[in-house]
Amino acid sequence: MKQILVTGGAGFIGSHLCERLLNEGNAVICLDNFYSGSKKNVWHLIGHPGFELVRHDVTEPYRAEIDEIYNLACPASPVFYQYDPIQTTKTSVFGTFNMLGLAKRTKAKILQASTSEVYGDPAEHPQHEDYWGNVNPIGIRSCYDEGKRCAESLCFDYHRIHGVDVKVIRIFNTYGPRMAVNDGRVVSNFVVQALKGEDITIYGDGSQTRSFQFVSDLVEGMIRMMATPVGFTGPVNLGNPGEFTMIELAEKVLSKVGGKSKIVFRPLPADDPKMRRPDITLAKKELGWEPKVSLDEGLDEVIAYFRQVLFQ
């Protein structure tokens, strides 16, 4: 039995990861300050003999004896990370600094949940891990983009200077059950609007593209990354290389939900990337990983989840 710390463990992705780790026989400390996470996401885990829920902000040091750290703590939706951008930067930078210090002291492996946002509005397509990105360092999204880029820098410096066994993944758009109704990301926005009979809001002309991976595929990739040998640090892209325009996604959601919702267009927010698709060659080679859940399958699950949340 490994003692595993999951920061941001009550979040959408973190809760699925905690569940998987417990099912594999590990002891899990779920650390969260509940800024964007929710106790509801892990309520079903409370009472499990291997599960411990701790309210804590990672910008403050935390002490425990652990074998592995999954550092997921940071709001990932623009709605949440732009609400308090200074706190977002602090969470990415100070939080990662504190977790790396804990990993150094306990000799634990640490997986850093970075993001495709480190590529910014990319001039390279699809995005490969060697691409340095095209990020506005002073824009409204920079608290998240640059915070995560700095966190990656800290990880590699701790690896080079202190020998900490770091594993860095770059997560592309992920969706699934337990997303918040007010999450603000495109899949949840479209599904909730369609279920409520509201117009589907597309920002821009709808030609911008995204790639969508289901949460179970991401969790599988994270666990495989953590299991890689000492010295393999990444970064590794984890995402679904299937690429869809916003109009295609909206039409797919409408066809599944039905109703009379129409598609309406609004101005594109500043620094919103025009295209996003991962090159997952490295993940296939080093992790033997690629996503299994199609967008159609995943949307069916998400629609069923939000239908229950909204109407039952």
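Visitor: Which residues in α1 meet which residues in α6?

Guide: Contact means heavy atoms within 4.5 Å. F12, I13, H16, L17, R20 and L21 in α1 meet V215, L218, V219, E220, M222 and I223 in α6. By class, the residues of this contact are nine nonpolar, one polar and two charged. Ala, Val, Leu, Ile, Met, Phe, Trp, Tyr, Cys and Pro count as nonpolar, Asp, Glu, Lys and Arg as charged, and the others, Gly among them, as polar. The model is predicted: local features need pLDDT of at least 70, side-chain atom pairs count only at pLDDT 80 or more, and totals for chains, interfaces and linings use all residues. Residues are numbered from 1 along each chain as its sequence is written, and side-chain values use heavy atoms, with hydrogens and water left out.

Visitor: At what angle do α1 and α6 pack?

Guide: Two packed helices are described by the angle between their axes and the distance between the axes. Here α1 and α6 pack at about 60°, with axes 10 Å apart. Axes are lines fitted to C-alpha atoms, for helices over the stretch in contact, and angles run from 0 to 180 degrees between N-to-C directions. α1 and α6 are therefore oblique to each other; angles under 35 degrees count as roughly parallel, over 145 as roughly antiparallel, 65 to 115 as roughly perpendicular and the rest as oblique.

Visitor: How many residues of α1 are buried?

Guide: Buried means under 20% relative accessible area, with a 1.4 Å probe and protein chains only. Nine of the 12 residues of α1 are buried, among them G14, S15 and C18. Their cover includes β1 (3-7), β2 (27-32) and α6 (215-226).

Note on methods
Buried < 20%, exposed > 50% of the residue type's maximum accessible area, 1.4 Å probe, protein only. Helix = DSSP H or I, 4+ residues; strand = E, 2+ residues; numbered from the N terminus.
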